[in-house]
Every structure is written in structure tokens, then in C-alpha cells.
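Hi there,

Here is the structure I promised to send over. Could you open it beside this email while you read my notes?

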Amino acid sequence: MNRNNFATFEKQKSNNSDVDTMDKINILWADDEIDLLKPHVLFLREKGYEVTTVTNGDDALEQVRTNNFEIIFLDENMPGLSGLETLSKIKNIKPGIPVIMITKSEEEQIMDEAIGSKIADYLIKPVNPNQILLTLKKNLENKRLISEKTASSYQQEFRNLGMTLSDRLSWKEWEDVYKRLVYWELELEKSTDESMYEILTSQKSEANHLFAKFIENNYLKWLKEPGENTPTMSHQLMKNKILPFVDASSEPVFMILIDNLRYDQWRIIQPVLDDMFRLQDDELYLSILPTATQYCRNAIFAGLMPSEIEARFPKWWLNDEDEGGKNLHEKDFFQDALSRFRKDYKHSYTKVTNNTDGKNLVDSIPQLLENKLNVIVYNFVDMLSHARTEMDMIRELTDDEAAYRSLTLSWFKHSPLLEALRKLSDKKVRLIITTDHGTIRVKEPSKIVGDRTLNTNLRYKQGKNMNYEKKEVFEIKNPADAFLPKQNLSQVFVFAKQDKFFAYPNNFNHYVTYYKNTLQHGGISLEEMIVPFATLVSK
């Protein structure tokens with residue numbers, strides 16, 4: 001455990017032990033039998049609540065117009081304006097106030113009407129003080145209580161993760177660590193305790209530092225001598241995961257590859273699918289290096305490493321310095337892989353790069369259902385990450401990780417992709433949802449010098465006569481060792497680690513200002529390399 005992390009943790013733990021006095025919460029209670037409820041009112045006042053009482057709907061409305069209340073208790077059966085009529089008028093005046101309906105009646109019609117009018121909760125008379133206190137906590141203090149519980153639970157997990165990270169971890173253990181870190185990132189995001197989130201961010205940074213060492217120590221060995229403890233990697237995905245899943249299915253399989261989808265992004269869009277599909281497996285696999293589309297995605301569909309693709313298809317493989325699209329032949333690589341693995345599936349390959357393509361996909365679902373395997377490559381998330389670098393508006397909308405996830409979720413909920421999935425959910429199908437690599441928000445520049453042929457990616461560089469800080473990179477002096485194309489004898493690949501990005505000394509400050517805090521991929525980090533491979537079935 002990092003010493004600074006530990007000190008910050010202990011300070012936060014001490015802070016959380018202080019009990020803040022609760023600010024006065026104002027309650028309006030409207031009931032024509034309010035005198036009979038005086039013991040309840042006194043009980044609430046003893047608990048620190050301010051309670052204003054009225055005996056009819058008209059007085060309740062006057063109070064709502066002239067005062068601020070956090071919550072309203074409203075009797076359903078009052079003379080004059082009924083509870084439901086009062087509720088309707090309250091919602092017109094101040095629609096955001098939660099209203100608890102209290103009623104003697106259990107008639108379904110009344111309950112339906114009250115719920116349809118957006119009550120926050122309802123209680124059946126006679127009510128007891130504990131019921132009232134519970135509904136107050138549920139409706140007013142729920143977020144605070146959850147936040148405190150989450151922060152407390154992470155304080156315990158902080159130590160557990162710290163001890164785990166101090167061990168020499170296997171690939172499976174790194175999978176588990178990353179899942180735990182993402183889980184707590186999403187949980188603490190909901191918390192009001194920002195300091196706990198900062199501690200998690202620091203712990204995640206420490207994990208990325210150790211993960212980079214893990215990759216340096218094992219990556220080339222995995223490629224040269226794959227064994228039982230070797231992770232499934234991009235070029236093995238077709239053979240180890242995709243084709244066996246298709247073989248085992250008696251129903252059409254749709255493989256949806258969402259470019260540049262991190263595991264945390266998958267976790268926030270997956271619940272949207274819960275009503276339509278049952279999650280069968282939520283696995284992770286390891287993206288090859290460089291974690292860039294032209295290498296990873298071509299490797300997935302070819303079932304080969306980049307140098308093997310270049311040797312087999314010299315006319316189709318383009319290197320960094322070559323002009324032209326680098327992912328124009330995925331379909332050809334995919335069809336060759338099916339032939340090589342002796343699979344004669346009826347299949348399709350669809351690439352979606354804009355909204356029109358997405359709508360065409362939705363329209364083509366009936367035809368695709370006739371195939372055994374349908375591959376769909378969806379490019380939106382990758383375009384979003386690049387747009388964040390180039391467009392000020394997108395930068396502002398995705399200023400932090402929570403905002404980036406939120407924008408991803410918003411896109412997914414309104415995308416033709418979700419519309420297509422809804423159409424598929426009515427049929428008996430199986431899904432694979434995966435990606436080619438993830439992305440990381442870069443923060444620290446790492447100086448590099450090279451000639452004009454140096455590629456432009458900020459997370460990896462390949463070329464000759466490069467000067468760089470060796471401790472800040474993973475250096476592959478012989479590209480053939482990593483099954484990467486080798487253009488000349490002195491060619492070297494270097495990969496940025498953690499949240500670093502390469503910057504040139506010329507005009508250094510301007511370069512750093514422009515690219516700092518942008519989303520990049522190509523290097524070594526948990527976010528870029530450990531990526532989702534989920535399988536789902538129709539409900």
C-alpha cells in the first residue's frame with residue numbers, strides 16, 4: 001500500500017467518525033385529525049425535524065406557496081379538498097416535493113390514482129412512529145445513508161485491495177482486482193464523499209503502476225510460450241471464445257464489437273439490457289499491444305497477430321506510416337479465419353460508422369436472423385473519445401470519468417444499436433458484446449524525440465533513432481518478439497505506461513496543454529488492455 005494513500009485513508013477515516021448534526025428538515029403534515037397525531041408530531045420534533053401542521057387542503061396549499069418544505073404528509077380523506085385533489089394542486093405549485101399519502105382505505109383504485117399522481121410513498125392508518133421515521137429516511141436521507149455506507153465499505157476494501165496488490169498476482173487475480181476497482185469506482189461515483197473517490201483514484205493509479213510491471217514481465221513470454229495461465233488475447237479470441245460459443249448455439253449469434261469500450265462503460269450500459277437479455281458470462285480478455293484499432297481489431301477478426309497478418313496478406317496490411325485506411329479489410333480477414341478454422345457458417349459482417357448505417361442495421365434484422373453468425377462493428381465510442389480531443393464542447397461534457405460514462409450511457413439509450421437489440425430480444429438469439437481495446441485519460445507527459453517518420457499516436461511510438469525515458473516506457477527492441485511488423489533493422493516499439501502520453505520537446509508546453517486530460521489508447525493500462533467479453537441470451 002502506498003504510504004501517502006495510507007495516510008490519506010487514515011485521515012479520512014478519522015473525519016468520517018465525526019457525527020455532523022442534522023440540518024433541520026421541514027415537514028408539512030395535513031390531516032383533519034391532526035390533534036390525534038400529536039404524539040407522532042412530538043416524536044418527530046424530538047428527532048430533530050421541524051413539523052408544520054394543518055387540518056385541510058386549502059391551508060396545506062397556502063403553506064406550500066409561502067414556505068419551503070422538504071416533504072409533505074397528506075391525509076387522503078379530508079373534508080373540502082380531498083387528499084388527491086390537494087396532491088394534484090401541490091404538484092402544480094412545487095412538483096419536486098415528495099408527498100407521502102396517508103389513508104384509511106386500501107382500495108386499489110385510490111392507490112392507483114395516488115401512485116399515478118407521483119406520490120413518493122403511502123402509509124395505511126393507523127401509522128406508528130417507526131413507520132413515519134422509516135419513510136422519512138427512505139425518501140430524504142436515502143442518498144446520504146447509502147453514501148455513508150458505501151464510503152465505510154470501501155474503507156474496508158481499501159485495505160484488502162492494498163494487501164492484494166502487494167502480492168505477485170496472476171492474470172486471473174488481475175482480472176479480479178480490475179473488476180473490484182471498477183465496482184468501487186461506480187459505487188463511489190454515487191457517493192457525496194469526494195475524498196473517498198480521490199483515494200480510490202490514487203489506489204487505481206498504484207494498481208496501474210504494478211500492472212505495467214506485470215505486463216513487462218509476462219507479455220512477450222505469453223506470446224512466445226502460451227500456457228495454462230496465459231490470458232486469452234485479441235488474436236485468440238476467435239478460436240478460444242467466439243467460434244466455440246457459435247458452435248454451442250442452436251440459435252443465431254450476434255457478435256457486437258463496440259470499438260473502444262472500456263469495462264466500466266460496459267458495466268453502466270449492461271443494466272439497460274437486463275429486461276431483454278440474461279447475462280450469461282461477464283468475462284475479460286487482454287488486448288494486444290499496441291492497444292490501437294488497426295492492430296487489435298484486425299487481430300481479432302484474422303485470428304492472427306499483426307506480423308502474421310502482414311505475411312499472409314501483404315497487400316491488405318498497412319503500417320503506421322502507410323497512407324490509407326488501416327481497417328478496410330476486417331471482413332476479408334474474418335472470412336479467411338472462418339475458412340482456416342473450417343467453419344462454413346452462413347454469416348454476415350456489418351460496420352456502423354454513422355447514424356444512417358445504424359438505421360440500416362435495424363431494418364436488416366429480419367435478414368440477419370437467417371444467418372448462423374452476424375458480426376456488427378459499432379464505432380461510436382471510439383469516435384466519442386477522439387471527438388473529446390478535438391471539440392471543446394465534448395471536452396466540457398466529458399470533463400471527468402463519471403461524465404464520460406454518462407455520455408456513453410446517454411448515447412446507448414438513444415442509439416439505433418439499442419433499437420436493433422430490442423428487435424432481437426423478441427427472437428431467440430444469443431449475443432456476444434465485446435470490444436477491441438479501451439482508453440485512458442492521460443495526464444503526465446513523457447518526452448520523446450524521433451525523426452519525421454515517427455507515428456502520431458500519443459501512447460505508443462515505433463521507429464528508429466528514438467530518444468525517450470526508458471523507465472517510463474515498455475520497450476520492445478525486436479518487434480518480431482511481439483509479432484509486430486518490422487520495417488527496418490533498427491526499428492523499436494515503445495509503449496507509454498499508466499496515464500503518460502508522449503510529447504515532443506519542440507513546443508512542449510503547447511502540446512501538453514492541448515493533450516493533457518484527453519482520452520487516448522495504444523499503451524499499457526488496466527483501462528486499455530483488460531476489456532469486456534460478455535455473452536447474453538434472450539429471456
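N517 sits in the loop between α21 (508-515) and β18 (519-520); helices (H or I, at least four residues) and strands (E, at least two) are DSSP runs, numbered from the N terminus. Its phi is near 75°, a positive value in a residue other than glycine. At 24% relative accessibility, N517 counts as partly exposed (buried means under 20% relative accessible area, exposed over 50%, partly exposed in between, with a 1.4 Å probe and protein chains only).

Please keep in mind that this is a predicted model, where local features need pLDDT of at least 70, side-chain atom pairs count only at pLDDT 80 or more, and totals for chains, interfaces and linings use all residues. Residues are numbered from 1 along each chain as its sequence is written, and side-chain values use heavy atoms, with hydrogens and water left out.

Q498 also has a positive phi, about 55°, although it is not a glycine. This residue lies in the loop between β16 (492-496) and β17 (500-503), and Q498 is buried, with a relative accessible area of 17%. Most residues other than glycine have a negative phi, and most peptide bonds are trans.

One joins K125 and P126, with omega about -5°, and P126 is in the loop between β5 (121-124) and α6 (129-140). Another joins L289 and P290, with omega about -5°; P290 is in the loop between β7 (277-286) and α12 (293-302).

Best wishes
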